[in-house]
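Visitor: Could you walk me through this structure and tell me what stands behind each label?

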Amino acid sequence: MPRTRRPALLSVDLPTRVHPHDGDLGGLRPVPRPEDLERQIELTLQMLDRCEVRATFFCPAKLAAVLSADTWRSIAAHHRIGSLGSQGRPPSTMSAEEFEQDVGAARRTLEDLVGAPVVSHRAPEFLGDDCEPWFFDALLRTGHRIDSSRLIAQPPEGFTGLEPLGDVEGAFEVPLMAVAVGSRRFAVVGGSQFRLLPLASIRLLLDRAEALGFRPMIFLHPEDFDTKATPAEPQGPLAWVGRAGELVRRVGRDTVEDKLKALGYRYAFAPVESVLAG
């Protein structure tokens, strides 16, 4: 690969709900079994190795009791661990005190688990412009130095991809590029978009992100790599909605590795924590 590759960021967001703790296998969005999640993580790690890229795995701390020690060691061997909080609750559902306790406990649990610093955080659901006023202060007080939760459609003048995370030197917000539909924000380079869009469109979106000052970033999920998963079977009167969603979630999984390899000729993908190196 050429030495002039441009820096880019890659993250993998683990699910915040796991069967049987958090839901029904037959729901509109089926909840994965622990054994299925471990298999998907292994597939993800193998694919990232073949693509010669490194990523941040954002994890809810409650998975500490779900995933095996071998799985955690495999992730931490070549990648960074970031936090999705303890229980996978959106900040908007918690008070300031509850949020600070949640993210602080999550960071301690994950660091004890992998024996390495955990300095990055992402909210379980991406945030728009309506962050709680205490959100960033709580992250700083609990030792975090990176947050990558916010979606920005119109970056401010002079935007360089990083925003100060409070008044602490060397702490940053790393937002993602989004499109605005009314008051809502939608991420455009990751997950289902990465699977469904052609490679040329993904390149254009990453170019657009750079032109606006963003650090180019792709986010994926373990299920995005699982081409052989057993189809879910939603139940109930709205089962057809679940089946349609399942179809969308499965389309394009067989393209993810080829797209990431092709993008690797232009971009040097690294964990989100790489922004701390300057």
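Guide: Here is a tour of aromatic pairs, a surface patch, a helix and some salt bridges.

Guide: This is a predicted model, in which local features need pLDDT of at least 70, side-chain atom pairs count only at pLDDT 80 or more, and totals for chains, interfaces and linings use all residues. Residues are numbered from 1 along each chain as its sequence is written, and side-chain values use heavy atoms, with hydrogens and water left out.

Visitor: Why is Phe159 called buried?

Guide: Buried means under 20% relative accessible area, exposed over 50%, and partly exposed in between, with a 1.4 Å probe and protein chains only. Phe159 has a relative accessible area of 9%, so it is buried. Phe214 counts as buried too, because its relative accessibility is 4%.

Visitor: Which residues does Phe159 touch?

Guide: Contact means heavy atoms within 4.5 Å. Leaving aside residues up to four places away in sequence, Phe159 touches Pro175, Leu212, Gly213 and Phe214.

Visitor: How many aromatic pairs are there, and what makes Phe99 and Trp134 a tilted one?

Guide: Rings of Phe, Tyr and Trp (its six-membered ring) pair if their centres lie within 6.5 Å; planes under 30 degrees apart count as stacked, over 60 as edge-to-face and the rest as tilted. By this rule the count is six aromatic pairs. Phe99 and Trp134 are 5.5 Å apart, centre to centre, with 45° between the planes, and form a tilted pair. This pair links distant parts of the chain, 35 residues apart: Phe99 is in helix 3 (residues 96-114), and Trp134 is in the loop between strand 4 (120-121) and helix 4 (135-141). Helices (H or I, at least four residues) and strands (E, at least two) are DSSP runs, numbered from the N terminus. Both Phe99 and Trp134 are buried.

Visitor: What makes the pair of Phe159 and Phe214 edge-to-face?

Guide: The ring centres of Phe159 and Phe214 are 4.9 Å apart and the planes stand at 70°, so the pair is edge-to-face. Phe159 lies in the loop between strand 6 and strand 7, and Phe214 in the loop between helix 6 (199-211) and strand 11 (217-220), so the pair ties together parts 55 residues apart in sequence. From C-alpha to C-alpha, Phe159 and Phe214 are 7.6 Å apart in space.

Visitor: Which residues do ring pairs link into a cluster?

Guide: Phe99, Trp134, Phe135 and Phe136 are linked in this way.

Visitor: How do you know that Lys259 lies over the face of Phe194?

Guide: A charge sits over a ring if NZ of Lys or CZ of Arg is within 6 Å of the ring centre and within 35 degrees of the ring normal. Lys259 lies over the face of Phe194 at 5.9 Å from the ring centre.

Visitor: What makes Arg6 and Asp207 a salt bridge?

Guide: A salt bridge is a side-chain nitrogen of Lys or Arg within 4 Å of a carboxyl oxygen of Asp or Glu. The closest N and O atoms of Arg6 and Asp207 are 3.0 Å apart, and the two form a salt bridge. Arg6 is in strand 1 and Asp207 in helix 6, 201 residues apart, and the pair links distant parts of the chain. Arg6 is partly exposed, because its relative accessible area is 29%; Asp207, at 28%, counts as partly exposed. Arg6, Asp207, Glu210 and Arg266 are linked in a network of salt bridges. By this rule the count is 14 salt bridges.

Visitor: How far apart are Arg107 and Glu111, and why are they said to be separated by about one helical turn?

Guide: Their closest N and O atoms are 3.2 Å apart, in a salt bridge. Arg107 and Glu111 are four residues apart in helix 3, so about one helical turn separates them. An α-helix has 3.6 residues a turn, so residues three or four places apart point the same way. Arg107 counts as buried because its relative accessibility is 18%, whereas Glu111, at 22%, counts as partly exposed.
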